[in-house]
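Here is a short briefing on one chain. It covers helix packing, nonpolar cores and model confidence.

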Amino acid sequence: IRCVYLNSNHFNTYAIGDYLLFRGYPDRKVYIDGRNIDYGYEFLRETTVAGFDSNTWDELEKKYGFTYAVIEYPLPPGVSPENDLPYVVHLARNKSWVLVYVDDKVAVYVKDIPENEKVIQDYGYEYMTPEGIEYGKVFLDTEKEDLQKKEEELERVANSAPHAIKAK
C-alpha cells in the first residue's frame, strides 16, 4: 500500500491494522489491530458494527475525530450475511468522505475538510467506488457525458496500483 500519511486522526479496519503498525511504527499509530484483549469486547463490537451501520460509523467519527480511513475489503466469502464490503458501502454514499485511493484490497477515504483539500484535489475520485471495482459496476447506469470521465478514473485506478487486476 502506498498512501499519503496525513497528520490527523485516522481509522483503519481490524485486518489491516497489523500491517499498518508494522510499516509505520513508531511514527504512525493505528486505530485497531489484532490485539483483541487489549482493545476489549465493547470497542471491537462497536468498530465491527460501524462497518455495516452508518449511524454507528457517524458516532465513532464524532467520538474519535476521524479525518481519513484506510479500509481493507472485501471480507472473505460467508463472513457476513449482510454484505462483504463493510465501511466502503456507506462511506461511498457519504458526501463528507472522498475516495482518494483504491485497489483490489484497500480503499483510502479522506474527510472533506480544509486540511484535506489538496489531497482531494490531487487524488479524489468522483465516480470510482470499491463496490464498482469489486463487482464490475463502474459503468452501470452511466450517462453518455460521464463515460469519458469514468474511463479516465478507471485508468487512473489501474495505473496507481500496477499489481491490481480488478480495474484492468
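**Helix packing and cores in a predicted model**

Helix 3 passes helix 4 in a left-handed crossing (the near helix is turned anticlockwise from the far one by less than a right angle). The model is predicted: local features need pLDDT of at least 70, side-chain atom pairs count only at pLDDT 80 or more, and totals for chains, interfaces and linings use all residues. Residues are numbered from 1 along each chain as its sequence is written, and side-chain values use heavy atoms, leaving out hydrogens and water.

- The contact (heavy atoms within 4.5 Å) involves Phe43, Glu46, Thr47, Val49 and Ala50 of helix 3. Helix 4 contributes Thr56, Trp57, Leu60, Lys63 and Tyr64.

**Nonpolar cores**
- A nonpolar core is a set of buried Ala, Val, Leu, Ile, Met, Phe, Trp, Tyr and Cys residues joined through side-chain atoms within 4.5 Å; buried means under 20% relative accessible area (1.4 Å probe, protein chains only).
- The largest nonpolar core holds 29 residues. Phe11, Trp57, Leu91, Met128 and Ile133 have the most contacts inside it.
- Apart from it lies another core, of 15 residues, including Val70, Val106, Ala161 and Ala164.
- Leaving aside residues up to four places away in sequence, Met128 touches Leu99, Ile133, Val138, Lys150, Glu153, Leu154 and Val157.

**Confidence**
- The chain averages a pLDDT (the predictor's confidence in each residue, from 0 to 100) of 89, and 93% of the residues score at least 70.
- Over residues 1-5 the pLDDT is below 50. Beyond near neighbours in sequence, this stretch has 10 contacts in the model.
- Where pLDDT is low, the predicted coordinates should not be read in detail.

Definitions and conventions. Buried < 20%, exposed > 50% of the residue type's maximum accessible area, 1.4 Å probe, protein only. Helix = DSSP H or I, 4+ residues; strand = E, 2+ residues; numbered from the N terminus.
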